[in-house]
Amino acid sequence: MSDELLNLRKKIDHLDEEILARLAERAQCAKRIGEVKRGNLYRPEREAQVLRRLGEANPGPLPDMAVQRIFREIMSACLALEHPLKVAYLGPAGTFSESASRKHFGSAPTLLPTAAIDDVFREVEAGNADYGVVPVENSTEGAVGGTLDLLLANPLMICGEVKLRIHQHLLSKSEGIGAAKRLYSHAQSLAQCHEWLNRNLAHLSRVPVASNAEAARLASEDAESCAIAGEAAGELYGLNVLAKNIEDDPNNTTRFLVIARHDAGPSGRDKTSLVCSAPNRPGAMHMLLEPLARHGVDMTKLQSRPARGGLWEYVFYVDIDGHREDAEVAAALRELNDRAAFVKILGSYPVAVI
């Protein structure tokens, strides 16, 4: 072994010891903050600010995202010293919702799988979970209507968002597709892979199930079936990957919301979500949206959804740039509240960092 290699290894060992000492010092500071501070120990806006600052200060050669993910884990572990979080998500284990939960909160929290999106809201509202992670829209298939309805009906607020690239894989207990007679997957995933399936597996019966993880579980128990699911579900149930990345759109992304009994403070780069209804008269929508344009507030999403109160009545889900405490946003929202038949602020929260 060369002297240079020995010296480099000794330097790495020394640096590792320095990093460990600094981590211990950071953890002590975080623990002390927990002892001094009252209220919610997890502050989404503070975490977003730290991750953005570290990404901007990163000198390389590690990519910004790698640095941010490392520090996400450090913050996750430090928070767990004082208050281990419980996070509910749409289960079972192996779903994309679980992957989104781990991406946002790190590996320290206790993750609580639920059978349905309704149950995620219920667990958080009842206090059995501190936070919940729910899918709200996919870049290919659009909005998740059930989540939108629950946001309207439930007192919980949005305090964060997660964007997860979705890669769908064809999985099976068998080594090949020849013996397969049926294909299990969630309805959204079947739709996201529709064209690929028509070209390659048009003969297979497609069976929608509650989640991709459930599809993988069923495929693991049936040699005459296969499943479309993510990598995590395939590994969990010991399935073979017969085809990778079969989604029709290579940029296929799902946006998840983090829900809680509170939203987040201003972080410097935020988003506000709300739902409103317009009075039933000509020009009503223009009247509602005009204050946003006049105050220079950028609307990034407008989604209509049938209201449950009456036939042919609609509510409108709106995302805007900025925090509800920002002066121009607050002014626009005050005018909107005066003009709309109904307004509910769903929450202000940091734009997804990683």
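**Group meeting: salt bridge, sheets and a ring pair**

Let's start with one contact. Arg22 forms a salt bridge with Glu25, and their closest N and O atoms are 3.3 Å apart. Keep in mind that this is a predicted model. Both residues sit in helix α1, three residues apart, about one turn of the helix. How many salt bridges does a search of the whole structure find? It finds 19.

Stay on helix α1, residues 3-36, for a moment. Ile19 is found there. Ile19 also belongs to a nonpolar surface patch, together with Leu15, Leu20 and Leu23. The accessible area of the four together is about 360 Å².

Next, the sheets. I'll take the five-stranded one. It is open, with the order β8-β7-β9-β6-β10, and the pairing is mixed. Which are the edge strands? They are β8 (205-209) and β10 (240-243), and each pairs on one side only. On average, neighbouring strands of this sheet are turned by 35° against each other, direction ignored.

Inside that sheet, look at β6, residues 169-172, and β9, residues 225-229. They pair in the antiparallel sense over three bridges. His169 has Ala229 in β9 as its bridge partner. A helix lies across this sheet too. Helix α9, residues 212-220, lies across β7 (182-186), β8 and β9. Its angle to β9 is about 155°.

Now the four-stranded sheet. This one is open as well, ordered β13-β14-β12-β15, with antiparallel pairing. β13 (299-306) and β15 (342-350) stand at the edges with a single partner strand each, so one side of each has no neighbour in the sheet. The twist averages 15° from one strand to the next.

What joins β13 to β14, residues 314-321? Seven bridges do, and the two strands run antiparallel. Met299 has Ile320 in β14 as its bridge partner. Helix α11, residues 284-294, packs on the sheet and touches β12, β13 and β14. Its direction makes about 155° with that of β13. Helix α6, residues 145-153, lies across β12 (270-277), β13, β14 and β15. Helix α6 runs at about 90° to β13.

Last item: aromatic rings. The count comes to three aromatic pairs. Take Tyr42 and Phe105. Why is this pair called tilted? The ring centres are 5.4 Å apart and the planes stand at 45°, so the pair is tilted. The pair links distant parts of the chain, 63 residues apart. Tyr42 is in the loop between α1 and α2 (44-57), while Phe105 is in helix α4, residues 96-105.

Technical notes:
Residues numbered from 1 in each chain as written. Predicted model: local features only at pLDDT ≥ 70, side-chain atom pairs only at ≥ 80, totals over all residues. Heavy atoms only, no water. Patch = residues over 30% accessible without salt bridge, like charges linked within 9 Å, V, L, I, M, F, W, Y side chains within 5 Å. Areas by Shrake-Rupley, 256 points an atom, 1.4 Å probe, with all protein chains shown as cover. Salt bridge = Lys/Arg side-chain N within 4 Å of Asp/Glu carboxyl O. Pairing = 2+ DSSP bridges. Axes fitted to C-alpha atoms, helices over the stretch in contact; angles between N-to-C directions. Contact = heavy atoms within 4.5 Å. Phe/Tyr/Trp six-rings, centres within 6.5 Å; stacked < 30°, edge-to-face > 60°.
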